Amino acid sequence: MASEKETIKITSDKYRLFLHEDQAAAEGTIQWRHGDAPSYESVNKLFEEGRTKVWPEGSLEETVQNAIKSWEMELSHKTRVKDFRTINPEKFKLFVNGRDGLSAEETLKVGSYNALLKSSMPNEFKYYKADEETFESSHNAFRSAFPRGFAWEVINVYTGPPIITYKFRHWGFFEGPFKGHAPTGNMVQFYGLGILKVDESLRAEDVEVYYDPTELFGELLKGPKISESNVEHH
């Protein structure tokens, strides 16, 4: 689902398939958004300290969790769909809260945050105006709010491939400003459900995500508004 915080540094990663292999086997052939493969060291620490489930190695739950983390990594850091190894690019569609599906190219263009946070509400009632954000501005906004990262875990897996249904949890600590709101330092978390259709190679074809965005924004908007009156001048 939505993107996890990371610093750009070459490293292996036990939760994200293909990241280490791509670095070693395809050096120079993959177009990384920031020039090189990312490191998830910070958010992995947050994940390991805050997760509620530790799945057995090789279990269905661990496989699903790592597959979705790997897909998020590619979506956030690769600039060409042809470099993706976690999806079937010809069939892929992303559906969020019952809205029209986005193709692989459309999802890559707007970015994971904008794809997941798009709303059909009138502009004056929107917590977040995805149509006015770019890929970069959306990632910068949440990277600012969650400097330690925004971790993600699988809570349950109800059915296995080819139609995988699962429950997830997303969390982070609101320790940086968000859209003019000062940080509270509190943990922000929300839960959701996903339905993932995969092919025989476990590449995603359809991804459906259902969650309540007010669980996220209710906490982010609790921070007091940052105004000229409470900003120190030097």
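In strand β2, L102 is the bridge partner of L94. The model is a predicted one, in which local features need pLDDT of at least 70, side-chain atom pairs count only at pLDDT 80 or more, and totals for chains, interfaces and linings use all residues. Residues are numbered from 1 along each chain as its sequence is written, and side-chain values use heavy atoms, with hydrogens and water left out.

**The sheet**

Strands (E, at least two residues) and helices (H or I, at least four) are DSSP runs numbered from the N terminus. Two strands pair if DSSP finds at least two bridges between them. Six strands form an open sheet with mixed pairing, in the order β2-β1-β6-β5-β4-β3. Its edge strands, each pairing on one side only, are β2 (102-103) and β3 (150-159). Helix α2 (residues 41-50) packs on this sheet and touches β3 and β4 (163-173), its direction making about 55° with that of β3. Here contact means heavy atoms within 4.5 Å, and axes are lines fitted to C-alpha atoms, for helices over the stretch in contact, with angles running from 0 to 180 degrees between N-to-C directions.

Three of the pairings are set out below.

| Strands | Sense | Bridges |
|---|---|---|
| β1 and β2 | antiparallel | two bridges |
| β1 and β6 | parallel | four bridges |
| β5 and β6 | antiparallel | seven bridges |

L94 also stands opposite V207 in β6, and G194 stands opposite V209 in β6. The hairpin of β5 and β6 has five residues between the strands, and L202 there takes a positive phi near 65°.

**Cores and aromatic pairs**

A nonpolar core is a set of buried Ala, Val, Leu, Ile, Met, Phe, Trp, Tyr and Cys residues joined through side-chain atoms within 4.5 Å; buried means under 20% relative accessible area, with a 1.4 Å probe and protein chains only. The largest such core has 43 residues, and F142, F146, Y166, F178, L216 and L220 have the most contacts inside it. Another core, of 11 residues, lies apart from it and includes I30 and Y40.

Rings of Phe, Tyr and Trp (its six-membered ring) pair if their centres lie within 6.5 Å; planes under 30 degrees apart count as stacked, over 60 as edge-to-face and the rest as tilted. The whole structure holds 15 aromatic pairs. The rings of F142 and F178 have centres 5.1 Å apart and planes at 50°, so this pair is tilted. F142 lies in helix α6 (residues 135-145) and F178 in the loop between β4 and β5 (187-198), 36 residues apart. F142 counts as buried at 1% relative accessibility, as does F178 at 0%.

Note on methods: Buried means under 20% relative accessible area, exposed over 50%, partly exposed in between (1.4 Å probe, protein chains only).
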